[in-house]
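Hi everyone, thanks for coming. I'd like to walk you through a protein chain today, so please have the picture open while I talk.

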Amino acid sequence: MLNHKSFPYRMLYKVDKAFPKGALMSPARKKYYVAVSRPVIQSTIIEVEADNEEDAADKAFQEAFALDDNVWSGKFEPENYGHDVVSVLEQDQGHLQAEPEFVLQDRIDDVKYLLLRGDTNMGEGSMLFQPWLQDHSSLFVADVCKGWLGDIQLLADEGVEGLVEWVEDPILDAAKIPPEVIARLPWLGQSGHKGSGNNPL
């Protein structure tokens, strides 16, 4: 089980229900404007004529750019995706030269997102390159990748820790561990884990 406490708050932001909307503010509280974004994944089915699966995928990828908005379906799915707190602005900041909404909209426009695809059936993951990356220098890309990799490593470490606990569970029938898991994680057969030696488990 992944431990959500290991991850930055921006990944798991939740509304403070202890201070409901409309309640009187205490003297110690201040008013803030908070810009929040959420992802929406839309899908459609494209029919193409092609020589093979790779050719079909390439043609559908190109045709997708020309499709009208009304052929796409999909809305925000709170059970699968979270919110991103983009920026927080204190109402009484005296240096503001514009309305908070305009200031925060600029921050929203500054923030872009990278898509990581996870196949929940096959257990495979990949990165989907986004066009906005082409507008920035190699140094910028390297810098933001460092931040991404740090967060992804946290997630990977939590997953590995959970898998190790699962493998070392004395009740576990080792024969039931999927072979594809063993193939991707050969360290399970190393000393200190069940069945070290020629048998990976």
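I'll begin with the overall layout and then turn to a few residues and their partners.

One thing to keep in mind is that this is a predicted model. The protein chain has four helices and four strands. If you trace the chain from the N terminus, the elements come in the order β-α-β-α-β-β-α-α.

Now for some totals. The protein chain has 201 residues, and 16% of them are buried. Its exposed surface comes to about 16,100 Å², with 54% of that supplied by carbon and sulfur atoms. And if we take the contacts with a separation of 6 or more, 55% of them join residues 24 or more positions apart.

Let's zoom in on S87. Where does S87 sit? You'll find S87 in strand β2, which covers residues 84–90. Is S87 buried or exposed? Its relative accessibility is 14%, and the limit for calling a residue buried is under 20%, so S87 counts as buried. Leaving aside residues up to four places away in sequence, S87 touches Y33, V34, A35, L104 and R107. For another distance to check on your screen, the C-alpha atoms of S87 and V111 are 9.7 Å apart, and these two residues are 24 positions apart along the chain.

How many salt bridges does a search of the whole structure find? The search finds three.

R107 takes part in one of them, with D110 as its partner, and the closest N and O atoms are 3.6 Å apart. Both residues belong to helix α2, residues 100–110, and because they are three residues apart there, about one helical turn separates them. R107 is partly exposed at 32% relative accessible area, whereas D110 is exposed at 54%.

Another salt bridge pairs D55 with K59, at 3.7 Å from N to O. Here the helix is α1, residues 53–64, and the two are four residues apart, so again about one helical turn lies between them. K59 is partly exposed, at 35% relative accessibility.

Then we have K30 and E90, whose closest N and O atoms are 3.6 Å apart. This pair links distant parts of the chain: K30 is in the segment before β1 (32–37), E90 is in strand β2, and 60 residues separate them. K30 is partly exposed, with 47% relative accessible area.

Finally, let's look at the aromatic rings. The count of aromatic pairs is three. Take F61 and F65: their ring centres are 5.4 Å apart and their planes meet at 80 degrees, so this pair is edge-to-face. F61 is exposed, at 53% relative accessible area, and F65 is exposed too, at 60%.

Now compare that with W132 and W148. The ring centres of W132 and W148 are 6.4 Å apart and the planes are at 85 degrees, so this pair is edge-to-face as well. W132 lies in the loop between β4 (124–128) and α3 (138–167), while W148 lies in helix α3, so the pair ties together parts that are 16 residues apart in sequence. W132 is buried at 13% relative accessibility, and W148 is partly exposed at 25%. Ring pairs also bring in F140, giving a cluster of W132, F140 and W148.

How values were computed: Residues numbered from 1 in each chain as written. Predicted model: local features only at pLDDT ≥ 70, side-chain atom pairs only at ≥ 80, totals over all residues. Heavy atoms only, no water. Buried < 20%, exposed > 50% of the residue type's maximum accessible area, 1.4 Å probe, protein only. Contact = heavy atoms within 4.5 Å. Areas by Shrake-Rupley, 256 points an atom, 1.4 Å probe, with all protein chains shown as cover. Phe/Tyr/Trp six-rings, centres within 6.5 Å; stacked < 30°, edge-to-face > 60°. Salt bridge = Lys/Arg side-chain N within 4 Å of Asp/Glu carboxyl O.
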